Amino acid sequence: MCKQTSDKKPTFSVRLVRADAGSDGQRIDNFLIRECKGVPKSHLYKAIRSGQVRVNKGRVQAEYRVKEGDEVRIPPLRVAQPDEKRAVPAAEFPIVFEDDALIVIDKPAGVAVHGGSGVSFGVIEQMRAARPEARFLELAHRLDKETSGLLMIAKKRSALVALHGMLKESRGRKCYLALVEGDWVNDRQHIRLPLEKYLTRDGERRVRVRPDGKPAHTIVSKEARYGRYSLVKAELRTGRTHQIRVHLAASGFPIVGDEKYGNDDTRAAFARQGFARMFLHAHTLDIPHPLTQEPLSLVAPLPQACSRLLDTLSSHL
């Protein structure tokens, strides 16, 4: 339902949309993108943050997953004018695994997984542009922009729903490699610190440890020690926003290059040496195939920039 406003800019009027079975498990931001074709994503995210978008008459965050039968209130939203549209450049990414249900890519650091919050487009939009014949491409989970490594993309709704269920139940293993400040001594350590999301005064999204936060569990293992730095493996047992980054920083071992939770002086020092990213890489994924249940064991090797940095640190020991 679209109408013309007095300034001749088309807008969607207020709508109440009932989520069907095909939308079950989809994030509310992706639900809106599908329902409001032509509306700039920045407008959609603003409407969610301001509480104009309601689910069952209540406010939700962008991470909320729609359930079949939910009543979604969509406020008036302006459609982009032709001169506002920005072409998404088609791009393919290194493929680690692909069949008719699932794609797993090796995402580079510095690339967002999706548009929104000041980013015009990300991996999923670029892959859709590169594969116009694909009827369905949806992110199964998220990686931070500065995190590299394994990223799952569903090619079927049934695969997406199954992957969401497996991740929610912590089935399978997702392991990351991180270079941290400090001499990590323990071979294996469980970090259980509850996490809470909040906004800074500048409106930036952050996460902190709070007693009344959501439960979060990371298993950290020692991989190698480089004097004042350590390479660790972090296994996610829950999937909270920025979980590994905050758990390591709160334990006194911030990730090298982390601009939100790391040491600014350390980040600047490594940048002067040519390493200008966060050292966090989604390294391995062991999970049943979402449709066949066949075991998948996938690996994304460390990027060259990370490997070179470790070689440099080794040479200084």
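These are my notebook entries on a predicted model.

**Ground rules.** I number residues from 1 along each chain as its sequence is written, and side-chain values use heavy atoms, with hydrogens and water left out.

**Entry: the open sheet.** I took helices (H or I, at least four residues) and strands (E, at least two) as DSSP runs, numbered from the N terminus. I looked up an open sheet of four strands, with the order β3-β6-β4-β5 and antiparallel pairing. Two strands pair if DSSP finds at least two bridges between them. The edge strands are β3 (15-18) and β5 (58-59), each pairing on one side only. Between β3 and β6 (residues 71-74) I found four bridges in the antiparallel sense. R15 has I74 in β6 as its bridge partner. Strands of a sheet pair through backbone hydrogen bonds, either parallel or antiparallel.

Helix α1 (residues 28-35) lies across β3, β4 (54-55) and β6, and runs at about 65 degrees to β6. For such angles, axes are lines fitted to C-alpha atoms, for helices over the stretch in contact, and the angles run from 0 to 180 degrees between N-to-C directions.

**Entry: I48.** I found I48 in helix α2 (residues 41-49). Buried means under 20% relative accessible area, exposed over 50%, and partly exposed in between (1.4 Å probe, protein chains only). I48 has 3% relative accessibility, so I count I48 as buried. Contact means heavy atoms within 4.5 Å. Leaving out residues up to four places away in sequence, I48 touches I28, D29, L32, V53, V60, Q61 and A62.

**Entry: the cores.** A nonpolar core is a set of buried Ala, Val, Leu, Ile, Met, Phe, Trp, Tyr and Cys residues joined through side-chain atoms within 4.5 Å. The largest has 48 residues, and I153 and L248 have the most contacts inside it. Strand β11 (residues 148-154) gives the largest share of this core, five residues. Apart from this core lies another, of 19 residues, including V39 and I48.

**Entry: aromatic pairs.** Rings of Phe, Tyr and Trp (its six-membered ring) pair if their centres lie within 6.5 Å; planes under 30 degrees apart count as stacked, over 60 as edge-to-face and the rest as tilted. By this rule I count three aromatic pairs. Y229 and F270 form an edge-to-face pair, 5.3 Å centre to centre, with 80 degrees between the planes. Y229 lies in strand β17 (residues 229-236) and F270 in helix α6, so this pair ties together parts that are 41 residues apart in sequence. The rings of F275 and F279 have centres 5.8 Å apart and planes at 35 degrees, so I noted that pair as tilted. Both F275 and F279 are buried. Y229 is buried at a relative accessible area of 9%, and F270 is buried at 4%.

**Entry: the ends of α6.** A side-chain oxygen of N263 reaches to within 2.8 Å of the backbone nitrogen of D265 at the start of α6 (residues 264-272). After α6 comes G274, whose phi is positive, near 100 degrees.

**Entry: Q126.** Q126 sits in helix α3 (residues 123-130). I count Q126 as buried, because its relative accessibility is 11%. A polar atom of its side chain lies 3.3 Å from the backbone oxygen of P89.

How values were computed: Predicted model: local features only at pLDDT ≥ 70, side-chain atom pairs only at ≥ 80, totals over all residues. Polar contact = N/O pair within 3.5 Å; in protein donor to acceptor, adjacent residues only side chain to side chain.
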